[in-house]
Amino acid sequence: MIRFLVRRLFQALVVLLVLAAVLYACFYLAPGDAARLACGPKCSTAQVAQIRGQMGLDDPVYAQFWHFLGGIVAGHDYSTGTDVLHCPAPCLGQSYRTGELVTSMVGEKLPATASLAFGAMALWLVIGVGTGLLSALRRGTVTERALTGFTLVGTATPVFITGILLLLLFCSWLQWLPYPSYVPLTEDPQQWAWNLLLAWLALALVEAAKYARLTRSSMLETLAEDHIRTFRAYGVSERAIVVRHALRGALTPVIALSALDLGTMFGGALLTETLFNIPGLGQQLVQSVQIKDVPVVVGIVLVMGLAVVVANAVADVLYAVADRRVVLA
């Protein structure tokens, strides 16, 4: 286990380093002037040159990248003109547009995105795995055909369509819920949950269809294996076979897919965040790309990459817990 974790840590560092290098290269080659965007259209050439010097854009791209890496390891000091702003490690840089530290910006946006991601994941696992399990156990019945129809509709429906329908149904027509407005968990847990409920449902209903189909096919494959037939021949109850043996083996692909979806959810839920007024990382990433705010973009993408790496490492450990045939190597 220790060797596995050390190897995973090394792989994570390599992945994040490559991500940062590619992003810096892409933004360096992309058209546009970040200094001009930060200064505004009415700035003179001299003012733009001064801003470019303060932002360090006159340095070669490799020097800018080296300073960025140094900030992550040891922190960095930024001059504000009259004072010095210290950014402690891990420092992800300073926004070109606002001058705010990227770590502070990520820290402000991350709770909203994490709330959306983990809440939606809990719902789609309960709905998807439950639906897939019931469909596999009721194979050939009306129940299976109805659940298969549900999964097909859910897979074919985009999340923004599902979200709009939920808003119209619960907020406009039935008026059971107010229109969502994100409230931090630390301020009011009840309002936090109520305002995120529709966003969770919108994501969960779409994702649950995928998990239901995966669970059904994996469960049917596991139930047809030799060791399951052996358990039945020895008179083991069907409930014990399903819960203690078949389900654990069938959950392995579900765990793998959950890790990928959870990691990408940290930066890929832009439509859901916009539709339900959630101030998360997705919205901030798009805004920063539009104004070519390189430190913010790199910082957010690195956080997204770290989420994917950590989620997959946790999934690898859960493989061994769910299926004893899996060995961490």
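I took helices (H or I, at least four residues) and strands (E, at least two) as DSSP runs, numbered from the N terminus. On that basis I find 13 helices and two strands in the protein.

**Basis of the entries.** I am working from a predicted model, in which local features need pLDDT of at least 70, side-chain atom pairs count only at pLDDT 80 or more, and totals for chains, interfaces and linings use all residues. Residues are numbered from 1 along each chain as its sequence is written, and side-chain values use heavy atoms, with hydrogens and water left out.

**Overall dimensions and surface.** I looked up the extent of the C-alpha trace, which spans about 85 × 55 × 35 Å along its principal axes. For accessible areas I used the Shrake-Rupley method with a 1.4 Å probe; for residues, only the protein chains shown count as cover. The protein exposes about 17,800 Å², and carbon and sulfur atoms supply 66% of this area. I sorted residues by relative accessible area: buried is under 20%, exposed is over 50%, and partly exposed lies in between (1.4 Å probe, protein chains only). Of the 329 residues, 43% are buried.

**Contacts.** I counted a contact where heavy atoms lie within 4.5 Å. Among contacts between residues at least 6 apart in sequence, 65% join residues at least 24 apart.

**Nonpolar cores.** I defined a nonpolar core as a set of buried Ala, Val, Leu, Ile, Met, Phe, Trp, Tyr and Cys residues joined through side-chain atoms within 4.5 Å. The largest has 35 residues, of which Leu 116, Trp 124, Leu 198, Phe 276 and Ile 278 touch the most other members. Helices H5 (102-137), H7 (159-173), H8 (189-223) and H10 (238-268) each supply at least two residues of this core. The largest share, 11 residues, comes from H8. I then listed the contacts of Ile 278, leaving aside its neighbours within four places in sequence; among them are Ala 112, Leu 116, Tyr 182, Leu 196 and Ala 199. A second, separate core of 29 residues includes Phe 65, Val 102, Val 106 and Leu 302.

**Aromatic pairs.** I paired rings of Phe, Tyr and Trp (its six-membered ring) if their centres lie within 6.5 Å; planes under 30 degrees apart count as stacked, over 60 as edge-to-face and the rest as tilted. By this rule I count three aromatic pairs. Phe 170 and Trp 176 form a tilted pair, because their ring centres are 6.0 Å apart and their planes stand at 50°. Phe 170 is buried at 18% relative accessibility, whereas Trp 176 is exposed at 60%. Trp 192 and Trp 200 form an edge-to-face pair, 5.4 Å centre to centre with 75° between the planes. Both Trp 192 and Trp 200 are buried.

**Backbone in the loops.** I checked the peptide bond joining Ala 89 and Pro 90 and found it cis, with omega about -5°. Pro 90 is in the loop between strand S2 (84-87) and H5. I noted that Gln 175, although not a glycine, has a positive phi of about 55°. Gln 175 lies in the loop between H7 and H8 and is exposed, with a relative accessible area of 61%. Asn 277, also not a glycine, has a positive phi of about 60°. Asn 277 is placed in the loop between helix H11 (270-275) and helix H12 (281-290); at a relative accessible area of 45%, Asn 277 is partly exposed.
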